[in-house]
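Here's a quick tour for anyone meeting this structure for the first time. Take a look at the sequence and the model, then read on.

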Amino acid sequence: MDHVSVLLAETVAFVNARPDGLYVDATLGGGGHTRKLLESSPQSKVIALDRDEKILELTREKLKALKARAVFVKANFRDLDKVLAGLQVLPRSVNGFIFDLGVSSFQLDDGARGFSFRTEAPLDMRMGGDAKYDAAALVNELPQEELERLIRAFGGENFAGRIARVIVEERKLKRVATTLELANIVSKAVPSFYRHGKLHPATRTFQALRIAVNDELGALKEGLVKAAAYLARGGRIAVISFHSLEDRIVKDYFKSDETLKVITKKPVVPDDAETAENRRSRSAKLRVAEKL
Ligand SMILES: C[S@@+](CC[C@H](N)C(=O)[O-])C[C@H]1O[C@@H](n2cnc3c(N)ncnc32)[C@H](O)[C@@H]1O
(Lines give C-alpha, C1' and ligand atoms only; values in the text may rest on other atoms or scores of the structure.)
Protein backbone atom coordinates (compact mmCIF):
# COMPACT_ATOMS: atom_id res chain seq x y z
CA MET A 1 0.00 0.00 0.00
CA ASP A 2 1.28 3.46 -0.84
CA HIS A 3 2.09 5.65 2.13
CA VAL A 4 -0.62 8.27 2.62
CA SER A 5 1.01 11.52 3.76
CA VAL A 6 -0.49 13.05 6.87
CA LEU A 7 -1.41 16.75 7.10
CA LEU A 8 0.21 17.22 3.72
CA ALA A 9 -1.19 20.52 2.52
CA GLU A 10 -1.13 22.08 6.00
CA THR A 11 2.51 21.21 6.67
CA VAL A 12 3.78 22.40 3.31
CA ALA A 13 1.75 25.62 3.56
CA PHE A 14 3.32 26.35 6.95
CA VAL A 15 6.93 26.00 5.82
CA ASN A 16 6.74 26.98 2.19
CA ALA A 17 7.14 30.74 2.31
CA ARG A 18 9.53 31.27 -0.60
CA PRO A 19 9.28 30.11 -4.21
CA ASP A 20 13.07 29.65 -4.47
CA GLY A 21 13.84 28.41 -0.96
CA LEU A 22 16.04 25.63 0.30
CA TYR A 23 14.12 23.04 2.29
CA VAL A 24 15.00 19.90 4.19
CA ASP A 25 12.63 16.95 4.44
CA ALA A 26 14.19 15.08 7.36
CA THR A 27 11.93 12.04 6.82
CA LEU A 28 11.47 11.38 3.10
CA GLY A 29 9.48 8.12 3.42
CA GLY A 30 7.18 7.79 0.41
CA GLY A 31 8.08 11.33 -0.65
CA GLY A 32 4.66 12.96 -0.28
CA HIS A 33 5.93 16.06 1.51
CA THR A 34 9.01 16.42 -0.68
CA ARG A 35 6.92 16.19 -3.84
CA LYS A 36 4.41 18.72 -2.60
CA LEU A 37 7.19 21.13 -1.59
CA LEU A 38 8.88 20.87 -4.99
CA GLU A 39 5.64 21.17 -6.91
CA SER A 40 4.31 24.12 -4.98
CA SER A 41 7.43 26.27 -5.32
CA PRO A 42 8.93 25.95 -8.77
CA GLN A 43 12.47 27.07 -8.03
CA SER A 44 12.88 25.53 -4.63
CA LYS A 45 15.35 22.81 -3.71
CA VAL A 46 14.84 19.98 -1.24
CA ILE A 47 17.42 17.94 0.62
CA ALA A 48 15.63 14.75 1.67
CA LEU A 49 16.88 12.32 4.29
CA ASP A 50 15.80 8.88 5.32
CA ARG A 51 17.68 6.44 7.51
CA ASP A 52 16.08 3.58 5.60
CA GLU A 53 18.07 2.86 2.44
CA LYS A 54 15.35 0.75 0.86
CA ILE A 55 12.73 3.52 1.04
CA LEU A 56 15.20 6.14 -0.03
CA GLU A 57 15.96 4.23 -3.23
CA LEU A 58 12.30 3.50 -4.00
CA THR A 59 11.29 7.11 -3.50
CA ARG A 60 14.30 8.50 -5.37
CA GLU A 61 13.10 6.45 -8.36
CA LYS A 62 9.50 7.58 -7.89
CA LEU A 63 10.50 11.26 -7.82
CA LYS A 64 13.04 11.09 -10.60
CA ALA A 65 11.21 13.67 -12.72
CA LEU A 66 12.01 16.18 -9.97
CA LYS A 67 15.57 15.08 -9.36
CA ALA A 68 17.20 18.28 -10.65
CA ARG A 69 15.92 20.05 -7.55
CA ALA A 70 16.24 17.26 -5.00
CA VAL A 71 19.13 15.63 -3.20
CA PHE A 72 18.50 12.30 -1.47
CA VAL A 73 20.68 11.29 1.44
CA LYS A 74 20.63 8.11 3.49
CA ALA A 75 21.14 9.43 6.99
CA ASN A 76 19.63 9.65 10.43
CA PHE A 77 18.34 13.18 10.99
CA ARG A 78 20.23 13.24 14.28
CA ASP A 79 23.26 13.81 11.97
CA LEU A 80 21.65 16.72 10.12
CA ASP A 81 24.63 18.96 10.84
CA LYS A 82 27.06 16.55 9.20
CA VAL A 83 24.77 15.97 6.23
CA LEU A 84 24.26 19.69 5.62
CA ALA A 85 27.92 20.59 6.16
CA GLY A 86 28.84 17.82 3.69
CA LEU A 87 26.58 19.49 1.11
CA GLN A 88 28.20 22.90 1.79
CA VAL A 89 25.01 24.25 3.33
CA LEU A 90 25.77 26.95 5.88
CA PRO A 91 24.04 27.31 9.24
CA ARG A 92 21.16 29.82 9.16
CA SER A 93 20.49 29.22 5.47
CA VAL A 94 17.65 26.67 5.29
CA ASN A 95 14.16 28.09 4.75
CA GLY A 96 12.23 25.19 6.18
CA PHE A 97 12.42 21.76 7.75
CA ILE A 98 9.78 19.05 7.78
CA PHE A 99 9.91 16.14 10.22
CA ASP A 100 7.14 13.58 9.72
CA LEU A 101 8.04 11.09 12.43
CA GLY A 102 7.69 7.37 12.87
CA VAL A 103 7.46 4.63 10.29
CA SER A 104 6.01 4.68 6.81
CA SER A 105 3.55 2.19 5.31
CA PHE A 106 6.43 0.72 3.28
CA GLN A 107 8.13 -0.38 6.47
CA LEU A 108 4.94 -1.64 8.11
CA ASP A 109 3.91 -3.56 5.00
CA ASP A 110 7.33 -5.09 4.46
CA GLY A 111 6.66 -8.27 6.40
CA ALA A 112 10.32 -9.18 6.63
CA ARG A 113 11.20 -6.12 8.73
CA GLY A 114 9.39 -7.29 11.85
CA PHE A 115 7.37 -4.10 12.54
CA SER A 116 4.02 -5.86 12.35
CA PHE A 117 2.51 -8.31 14.81
CA ARG A 118 0.34 -9.67 11.99
CA THR A 119 3.11 -11.07 9.79
CA GLU A 120 5.60 -13.71 10.86
CA ALA A 121 9.14 -12.31 10.66
CA PRO A 122 12.33 -12.15 12.70
CA LEU A 123 11.98 -9.64 15.56
CA ASP A 124 14.03 -6.93 13.90
CA MET A 125 12.28 -3.48 13.73
CA ARG A 126 15.40 -1.53 12.72
CA MET A 127 14.48 1.35 10.43
CA GLY A 128 18.04 1.57 9.20
CA GLY A 129 21.41 -0.08 9.58
CA ASP A 130 22.43 2.65 12.02
CA ALA A 131 20.35 1.14 14.85
CA LYS A 132 22.64 -0.55 17.37
CA TYR A 133 20.49 -3.58 18.20
CA ASP A 134 17.31 -5.24 17.01
CA ALA A 135 14.07 -5.90 18.91
CA ALA A 136 15.03 -9.54 19.59
CA ALA A 137 18.07 -8.34 21.56
CA LEU A 138 15.89 -6.16 23.80
CA VAL A 139 13.22 -8.81 24.30
CA ASN A 140 15.70 -11.56 25.13
CA GLU A 141 18.42 -9.70 26.98
CA LEU A 142 16.99 -6.80 28.98
CA PRO A 143 16.42 -7.42 32.69
CA GLN A 144 12.71 -7.83 33.49
CA GLU A 145 12.38 -4.45 35.26
CA GLU A 146 13.94 -2.61 32.32
CA LEU A 147 11.72 -4.40 29.86
CA GLU A 148 8.70 -3.44 31.94
CA ARG A 149 9.81 0.19 32.15
CA LEU A 150 10.42 0.35 28.41
CA ILE A 151 7.02 -1.12 27.51
CA ARG A 152 5.25 1.20 29.97
CA ALA A 153 7.13 4.38 29.05
CA PHE A 154 7.29 4.05 25.27
CA GLY A 155 4.09 2.09 24.76
CA GLY A 156 1.86 3.61 27.46
CA GLU A 157 1.03 -0.02 28.24
CA ASN A 158 -0.88 -0.56 31.51
CA PHE A 159 -0.08 -4.28 31.52
CA ALA A 160 3.67 -3.78 31.07
CA GLY A 161 4.44 -5.63 34.32
CA ARG A 162 2.54 -8.77 33.32
CA ILE A 163 3.89 -8.69 29.78
CA ALA A 164 7.52 -8.35 30.92
CA ARG A 165 7.06 -11.14 33.43
CA VAL A 166 5.64 -13.59 30.89
CA ILE A 167 8.31 -12.65 28.31
CA VAL A 168 11.00 -13.50 30.87
CA GLU A 169 9.30 -16.81 31.76
CA GLU A 170 9.05 -17.77 28.09
CA ARG A 171 12.54 -16.73 27.09
CA LYS A 172 13.97 -19.01 29.79
CA LEU A 173 12.43 -21.89 27.85
CA LYS A 174 13.27 -20.64 24.36
CA ARG A 175 14.64 -17.45 22.80
CA VAL A 176 11.80 -15.26 21.49
CA ALA A 177 12.77 -14.99 17.84
CA THR A 178 9.77 -13.86 15.79
CA THR A 179 6.97 -11.32 15.70
CA LEU A 180 4.20 -13.87 16.11
CA GLU A 181 5.97 -15.56 19.01
CA LEU A 182 6.11 -12.22 20.79
CA ALA A 183 2.52 -11.33 19.86
CA ASN A 184 1.33 -14.67 21.30
CA ILE A 185 3.29 -14.16 24.50
CA VAL A 186 1.74 -10.70 24.94
CA SER A 187 -1.76 -12.08 24.29
CA LYS A 188 -1.17 -14.77 26.88
CA ALA A 189 0.05 -12.23 29.46
CA VAL A 190 -2.86 -9.76 29.34
CA PRO A 191 -6.37 -10.12 30.80
CA SER A 192 -9.05 -11.52 28.54
CA PHE A 193 -11.03 -8.26 28.13
CA TYR A 194 -7.86 -6.64 26.77
CA ARG A 195 -7.14 -9.58 24.50
CA HIS A 196 -10.56 -9.11 22.93
CA GLY A 197 -10.53 -5.31 22.88
CA LYS A 198 -10.49 -3.02 19.84
CA LEU A 199 -6.73 -2.69 19.79
CA HIS A 200 -4.56 -5.75 19.16
CA PRO A 201 -3.05 -6.49 22.59
CA ALA A 202 0.50 -6.38 21.19
CA THR A 203 0.12 -2.91 19.60
CA ARG A 204 1.64 -0.96 22.47
CA THR A 205 4.43 -3.45 23.15
CA PHE A 206 5.48 -3.40 19.49
CA GLN A 207 5.39 0.39 19.41
CA ALA A 208 7.54 0.58 22.53
CA LEU A 209 10.14 -1.78 21.12
CA ARG A 210 10.27 0.09 17.81
CA ILE A 211 10.82 3.41 19.56
CA ALA A 212 13.60 1.92 21.69
CA VAL A 213 15.33 -0.01 18.89
CA ASN A 214 15.51 3.11 16.75
CA ASP A 215 16.19 5.51 19.63
CA GLU A 216 13.45 7.63 18.12
CA LEU A 217 13.22 10.08 21.00
CA GLY A 218 16.98 10.61 21.25
CA ALA A 219 17.21 11.22 17.50
CA LEU A 220 14.33 13.70 17.66
CA LYS A 221 15.95 15.74 20.45
CA GLU A 222 19.22 15.98 18.54
CA GLY A 223 17.59 16.55 15.16
CA LEU A 224 15.54 19.51 16.40
CA VAL A 225 18.53 21.32 17.89
CA LYS A 226 20.50 20.85 14.68
CA ALA A 227 17.63 21.91 12.44
CA ALA A 228 17.11 25.10 14.44
CA ALA A 229 20.79 25.98 13.99
CA TYR A 230 20.48 25.70 10.21
CA LEU A 231 17.23 27.62 9.93
CA ALA A 232 17.40 31.00 8.16
CA ARG A 233 15.66 33.99 9.73
CA GLY A 234 11.92 33.66 9.08
CA GLY A 235 12.40 29.98 8.19
CA ARG A 236 10.11 27.42 9.76
CA ILE A 237 10.38 24.01 11.24
CA ALA A 238 7.31 21.76 11.13
CA VAL A 239 7.08 18.51 13.04
CA ILE A 240 4.33 15.91 12.74
CA SER A 241 4.39 13.50 15.66
CA PHE A 242 2.31 10.41 16.42
CA HIS A 243 3.10 9.80 20.06
CA SER A 244 2.62 11.91 23.17
CA LEU A 245 6.29 11.59 24.17
CA GLU A 246 7.39 12.92 20.79
CA ASP A 247 4.89 15.75 20.93
CA ARG A 248 6.13 16.70 24.39
CA ILE A 249 9.74 16.83 23.16
CA VAL A 250 8.75 19.08 20.24
CA LYS A 251 6.61 21.36 22.39
CA ASP A 252 9.26 21.73 25.09
CA TYR A 253 12.07 22.28 22.62
CA PHE A 254 10.21 24.98 20.69
CA LYS A 255 9.46 26.74 23.97
CA SER A 256 13.01 26.47 25.30
CA ASP A 257 14.88 27.74 22.22
CA GLU A 258 14.95 31.53 22.43
CA THR A 259 15.72 31.86 18.72
CA LEU A 260 12.35 30.30 17.86
CA LYS A 261 8.83 31.70 17.92
CA VAL A 262 6.01 29.18 18.25
CA ILE A 263 3.53 29.52 15.37
CA THR A 264 1.06 26.84 16.47
CA LYS A 265 -0.08 27.69 20.00
CA LYS A 266 -2.04 24.45 19.94
CA PRO A 267 -1.00 21.54 17.75
CA VAL A 268 -2.75 21.28 14.40
CA VAL A 269 -4.59 17.96 14.00
CA PRO A 270 -6.16 16.31 10.96
CA ASP A 271 -9.81 17.05 10.25
CA ASP A 272 -12.55 14.40 10.33
CA ALA A 273 -12.31 13.73 6.61
CA GLU A 274 -8.60 12.92 6.90
CA THR A 275 -8.96 10.72 9.96
CA ALA A 276 -11.84 8.84 8.33
CA GLU A 277 -9.70 8.13 5.29
CA ASN A 278 -6.37 7.45 6.96
CA ARG A 279 -6.43 5.69 10.33
CA ARG A 280 -2.75 6.41 10.93
CA SER A 281 -3.47 10.15 10.95
CA ARG A 282 -5.68 9.92 14.03
CA SER A 283 -2.83 10.44 16.47
CA ALA A 284 -1.00 13.05 14.38
CA LYS A 285 -0.07 16.44 15.82
CA LEU A 286 1.65 19.18 13.87
CA ARG A 287 3.70 21.88 15.58
CA VAL A 288 5.48 24.71 13.80
CA ALA A 289 8.07 27.25 14.95
CA GLU A 290 9.77 30.13 13.17
CA LYS A 291 13.35 31.37 13.45
CA LEU A 292 13.60 34.90 14.77
C1 LIG B 1 6.01 8.80 8.39
S2 LIG B 1 7.28 8.43 7.26
C3 LIG B 1 7.44 9.88 6.29
C4 LIG B 1 6.41 9.97 5.22
C5 LIG B 1 6.60 11.11 4.23
N6 LIG B 1 6.49 12.40 4.87
C7 LIG B 1 5.61 11.00 3.09
O8 LIG B 1 4.83 11.92 2.89
O9 LIG B 1 5.62 9.99 2.40
C10 LIG B 1 8.70 8.53 8.27
C11 LIG B 1 10.00 8.19 7.55
O12 LIG B 1 11.05 8.74 8.33
C13 LIG B 1 12.10 7.83 8.42
N14 LIG B 1 12.77 8.12 9.69
C15 LIG B 1 12.31 7.92 10.94
N16 LIG B 1 13.20 8.33 11.84
C17 LIG B 1 14.26 8.83 11.15
C18 LIG B 1 15.49 9.44 11.53
N19 LIG B 1 15.83 9.58 12.81
N20 LIG B 1 16.31 9.88 10.55
C21 LIG B 1 15.97 9.73 9.24
N22 LIG B 1 14.82 9.15 8.81
C23 LIG B 1 13.97 8.73 9.76
C24 LIG B 1 11.48 6.47 8.35
O25 LIG B 1 12.40 5.54 7.83
C26 LIG B 1 10.28 6.71 7.44
O27 LIG B 1 10.59 6.38 6.10
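Two residues are in contact if their C-beta atoms, placed from the backbone, lie within 7 Å. With that in hand, Thr178 is in contact with Glu120, Ala121, Pro122 and Leu123, leaving aside its neighbours within four places in sequence. Keep in mind that this is a predicted model: local features need pLDDT of at least 70, side-chain atom pairs count only at pLDDT 80 or more, and totals for chains, interfaces and linings use all residues. Residues are numbered from 1 along each chain as its sequence is written.

**Overall build**
- The chain has 14 helices and seven strands, where helices (H or I, at least four residues) and strands (E, at least two) are DSSP runs numbered from the N terminus.
- Its C-alpha atoms fill a box of roughly 60 × 40 × 35 Å along the principal axes.
- There are two domains, domain 1 (8-106 + 216-291) and domain 2 (132-213), with bounds that come from an automatic or database domain assignment.
- The centres of domain 1 and domain 2, taken over C-alpha atoms, are 31 Å apart.
- Of the contacts with a separation of 6 or more, 68% are between residues 24 or more positions apart.

**Around Thr178**
- Thr178 sits in the loop between α8 (160-173) and α9 (179-189).
- It counts as partly exposed because it has 16 C-beta neighbours inside 10 Å; buried takes 20 or more other C-beta atoms within 10 Å of a residue's own, exposed 12 or fewer, and partly exposed is in between, with C-beta atoms placed from the backbone.
- Arg204 is 26 residues from Thr178 along the chain, and their C-alpha atoms are separated by 17 Å.

**Inside the chain**
- Buried residues make up 47% of the 292 residues.
- Not counting residues up to four places away in sequence, Ala26 touches several residues, among them Leu49, Phe77 and Gly223.
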